[in-house]
Amino acid sequence: MTTPVKDNNKEQLALEGRDPEKIKKLLIKKYPPKVARKRAKQIVVNKVAADGTVPEIGSNVRTVPGLISQRGCCYAGCKGVVLGPTRDIINITHGPVGCGFYSWLTRRNQTDPDSTEDGHNFMTYCFTTDMQEEEIIFGGEKKLKLAIQEAYDNFHPKAIAVFSTCPVGLIGDDVHSVCREMKQKLGINVFGFSCEGYKGVSQSAGHHIANNGIFTHVVGTDDTVQEGDYKINMLGEYNIGGDAFEIERLFDLCGFTLISTYSGNSSIDKFANSHTADLNLIMCHRSINYVAEMMEKKYGVPWLKVNFIGAEATAKSLRKMAAYFEEPKLMERVEEVIAAELPAVQAAAAEIRPRTEGKRAMLFVGGSRAHHYQELFAELGMKTLSAGYEFAHRDDYEGRRVLPGIKVDADSRNIEELVVEPDEEKYSPRKSEAAMDALKEKGVDFSGYEGMMPEMNDGALVIDDISQHETEKMIAMFKPDIFCAGIKEKYAIQKMGVPLKQLHSYDYGGPYAGFKGAVNFYREIDRMVNSRIWGYLKAPWQKSPELAARYGTD
Ligand code: CFM
């Protein structure tokens, strides 16, 4: 049910922009005391100290039952987010048909099948064991075997992955032994994931499980040394709306050799070979940091955090990559590319900015975009009033420095931490310690990132796992010019007369990464925040006050 938005509510208007602590209190006022105490830890008024530290925020904890959360499930994080964008793995959802069907093609992760020789692309299909009551009672392993066999007979893929949904965990099917058996029988890579939806507190658990599985079953199985200079992997870039295509275009122009992307526009063969790269770049830290850390330990590949959302951030990231390789000709090439690309972006920003300057945004998305997209809004002169992640951990908010202090609770302990040692044959540090230290001196910040809060204004409200109730209160109090979230929130919020930009699927748009993407985003936001349509919108309860009475007004 949607809480009616009151016009001219004096109490609420008086608070606008004044005392965030009071706003926080209003957000949790209606909750029972125990719930309010819990939410109070997850709603923080930002304050950046001189040394860059920020207040602690509660995150990666269970959602209170009854609160409408934006979160997804563990299966979504594993199958949908990390493995889903790989075109040539047949991904079988072991479970009832709905889990497979409703997670099929919803994320707009694009791919280019022509870029691999066999042209395999199974992403357009939906594979599931379609579990019925019979399997719930007598077990689903037999049906799973048949499904793997049928998929193999029809498509002859290089690999098949199996994803467990909630009932699989409840009835105790051993997907891993089925996969081992079928791997032997078929002679292709068949591997399973115990990513039952209920594991962990959000899709973040599924990311971790996917990282573990791909590292165990795929990475390092092909040692072929590829041709080309400056070999890199791009981690945590999923090609939503074609972002990876734009980033690949820039890498090509600069002369980097992309060994693999996890996992936008990707092929399983690239993962198998990715340990031969000389540098890992992390775009979305939250979903893929585990692979980067394990690859560094086992093979000696260092990692750098990059951000290709925002023109300035893109230029900065390309420079950082060039600095790592320490080749003057690469640095020059990168500068040439930036010099050729940036003027068009700046011209677009200069044209649009007078229309967007001073407008106010709120961003509540996932585990990295609520941070990254603040860059693009800043380039348009817009202000982020409030932001938060759905499922990020404290380090994504507060920076990596807090990692040692993060308490490991029972839910996190439930997800396996792989013990990784340097590989006896394949471990080779890409740079000496002295060379790494010298680069650090020059500002190349290996294995580090600051997180969202140090880059936000003091007084901004940072809200973890925002609930629908809190969302509605925030909109009623601030009436932001744009709200960024996903499809579940979109129409409820637009009914309140506030445009919602989907930052998960990009609605129908994109790419928004890189230089060309920045221009696309500027134009899209200009269109949305300056459309007069929102002023004409009246929700049913505004037209018929008796509805407001029925639902209550607060
Ligand atoms: Fe990383 Fe993502 Fe995100 Fe994410 Fe996601 Fe996504 Fe996201 Mo939706 S991997 S954390 S689990 S950047 S699907 S491409 S948009 S919530 S902010």
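Which residues make a nonpolar surface patch of about 350 Å²? Val-97, Phe-101 and Tyr-102 make this patch.

## Basis of the description

The structure is a predicted model, in which local features need pLDDT of at least 70 and side-chain atom pairs count only at pLDDT 80 or more, while totals for chains, interfaces and linings use all residues. Residues are numbered from 1 along each chain as its sequence is written, and side-chain values use heavy atoms, with hydrogens and water left out.

## Surface patches

Patches are made of residues with over 30% relative accessible area and no salt bridge; like charges are joined within 9 Å, and nonpolar side chains (Val, Leu, Ile, Met, Phe, Trp, Tyr) within 5 Å. Accessible areas come from the Shrake-Rupley method with a 1.4 Å probe, and for residues only the protein chains shown count as cover. Val-97 is partly exposed, with a relative accessible area of 42%; buried means under 20%, exposed over 50%, and partly exposed in between.

A positive patch is formed by Lys-34, Arg-37, Lys-41 and Lys-407. Lys and Arg count as positive and Asp and Glu as negative, with His and the chain ends not counted; the place of a charge is taken as NZ of Lys, CZ of Arg, CG of Asp or CD of Glu. Arg-37 belongs to helix H3 (residues 33–42) and counts as exposed because its relative accessibility is 56%.

## Salt bridges

The whole structure holds 34 salt bridges, each being a side-chain nitrogen of Lys or Arg within 4 Å of a carboxyl oxygen of Asp or Glu. One of them joins Arg-394 and Glu-56, at 3.7 Å from N to O. Arg-394 lies in helix H17 (residues 394–398) and Glu-56 in the loop between strand E1 (43–45) and helix H4 (74–83), so the pair ties together parts that are 338 residues apart in sequence. Arg-394 is buried, at 14% relative accessible area, whereas Glu-56 is exposed, at 53%.

Another salt bridge brings together Glu-341 and Arg-249, at 2.8 Å from N to O. This pair links distant parts of the chain, with Glu-341 in helix H15 (residues 328–356) and Arg-249 in helix H11 (residues 243–254), 92 residues apart. Glu-341 counts as buried at 13% relative accessibility, and Arg-249 as partly exposed at 25%. In a further salt bridge, the closest N and O atoms of Glu-357 and Arg-353 are 2.9 Å apart. Salt bridges that share partners also join Lys-490, Lys-501, Asp-507, Glu-524 and Arg-527 into one network.

## Aromatic pairs

The count of aromatic pairs comes to 25. Rings of Phe, Tyr and Trp (its six-membered ring) pair if their centres lie within 6.5 Å; planes under 30 degrees apart count as stacked, over 60 as edge-to-face and the rest as tilted. The ring centres of Phe-122 and Phe-155 are 5.6 Å apart and the planes stand at 75°, so this pair is edge-to-face. Phe-122 is in the loop between helix H5 (97–101) and strand E3 (127–128) and Phe-155 is in helix H7 (residues 141–155), so the pair ties together parts 33 residues apart in sequence. Phe-122 is buried, with a relative accessible area of 6%, while Phe-155 is partly exposed, with 24%.

One aromatic cluster is formed by Tyr-230, Phe-251, Phe-256, Phe-308, Tyr-324, Phe-325 and Phe-446.

## An enclosed helix

Helix H4 is largely enclosed by the rest of the structure, because nine of its 10 residues are buried. Among the buried residues are Cys-74, Tyr-75, Gly-77 and Cys-78.

## Backbone geometry

Most residues other than glycine have a negative phi, and most peptide bonds are trans. A cis peptide bond joins Tyr-262 and Ser-263, with omega about -10°; Ser-263 is in strand E7 (residues 257–263). The bond from Gly-510 to Pro-511 is also cis, with omega near -10°, and Pro-511 lies in the loop between strand E14 (500–502) and helix H22 (514–529).

Asp-507 has a positive phi, near 55°. Asp-507 is placed in the loop between E14 and H22 and is buried, with a relative accessible area of 7%. Leu-105 has a positive phi near 60° and lies in the loop between H5 and E3. Leu-105 is exposed, with a relative accessible area of 52%.

Definitions and conventions. Helix = DSSP H or I, 4+ residues; strand = E, 2+ residues; numbered from the N terminus. Buried < 20%, exposed > 50% of the residue type's maximum accessible area, 1.4 Å probe, protein only.
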